[in-house]
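Please keep the structure in view while reading.

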Amino acid sequence: MAYELNGKTIETNENGYLNDPNEWTEDLAQVIADAEGGIGQLSDQHWDIIHYLRDEYFNNNQNQPNDRTILKEMASKWGTKPTSKDMYALFPKMPSKQGGKVAGLPESRRKGGY
């Protein structure tokens, strides 16, 4: 599988995760979101999650936070307490995994849970 953007082919693994997270751009994020379906146009809340996930990965020893941690961080950032339902409305196939995919990060090998 691969994504096409501005005449360039960006390679992925068999599940659609980028082979090289450094090839990611914000334009590519929308291409990935469109390919995923169910996400729609990326909103400010989507971008908050995407940028948080990228920051954690690149600046915190390749950390890939779980949904619960993302929920806590977004509550702090947004000044309101979002619910899991709110997060799944943004990334229906699991905020940590689908959000990570849109953020151009490698596929998480975490086994769910905490």
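At 36% relative accessibility, F58 falls in the partly exposed class, because that class covers the range between the buried limit of 20% and the exposed limit of 50%. The coordinates belong to a predicted model, and each value below is computed from it.

**The hairpin of β1 and β2**
- Strand β1, made of residues 2-5, pairs with strand β2, made of residues 8-11, in the antiparallel sense, and four bridges join them.
- Within this pairing, E4 is placed opposite T9 of β2.
- Two residues separate the strands of the hairpin, and N6 adopts a positive phi there, near 50 degrees.

**The loop between α2 and α3**
- N61 is located in the loop between α2 and α3, and although N61 is not a glycine, its phi is positive at about 55 degrees.
- N61 is also exposed, with a relative accessible area of 76%.
- Q62 belongs to the loop between α2 and α3 as well, and this residue, other than glycine, likewise has a positive phi, near 60 degrees.
- With a relative accessibility of 52%, Q62 counts as exposed, because the limit for that class is 50%.

**Helix α5 and its cover**
- Helix α5 spans residues 95-102 and is mostly covered, with seven of its eight residues buried; among them are P95, S96, Q98 and V102.
- Which elements cover the buried residues of α5? The cover includes strand β1 together with the helices α1 (26-36), α2 (44-59), α3 (67-78) and α4 (84-90).
- Q98 has its place in α5 and is buried, with a relative accessible area of 2%.
- When neighbours within four places in sequence are left aside, the contacts of Q98 are E36, G37, I39, F91, P92 and K93.
- After α5 comes G104, with a positive phi near 80 degrees.

**The chain as a whole**
- The secondary structure of the protein chain consists of five helices and two strands, and from the N terminus on the elements follow the order β-β-α-α-α-α-α.
- The radius of gyration is 13 Å, close to the 13 Å that the globule rule gives for 114 residues, so the protein chain is as compact as a globular protein of that length.
- Taken along the principal axes, the box filled by the C-alpha atoms is roughly 40 × 30 × 20 Å.
- Of the 114 residues in the protein chain, 43% count as buried.
- Among contacts with a separation of 6 or more, 54% are between residues 24 or more positions apart.
- The accessible surface of the protein chain amounts to about 6500 Å², and carbon and sulfur atoms contribute 45% of it.

Terms used. Residues numbered from 1 in each chain as written. Predicted model: local features only at pLDDT ≥ 70, side-chain atom pairs only at ≥ 80, totals over all residues. Heavy atoms only, no water. Pairing = 2+ DSSP bridges. Buried < 20%, exposed > 50% of the residue type's maximum accessible area, 1.4 Å probe, protein only. Contact = heavy atoms within 4.5 Å. Rg over C-alpha atoms; globule rule 2.2 N^0.38 Å. Areas by Shrake-Rupley, 256 points an atom, 1.4 Å probe, with all protein chains shown as cover.
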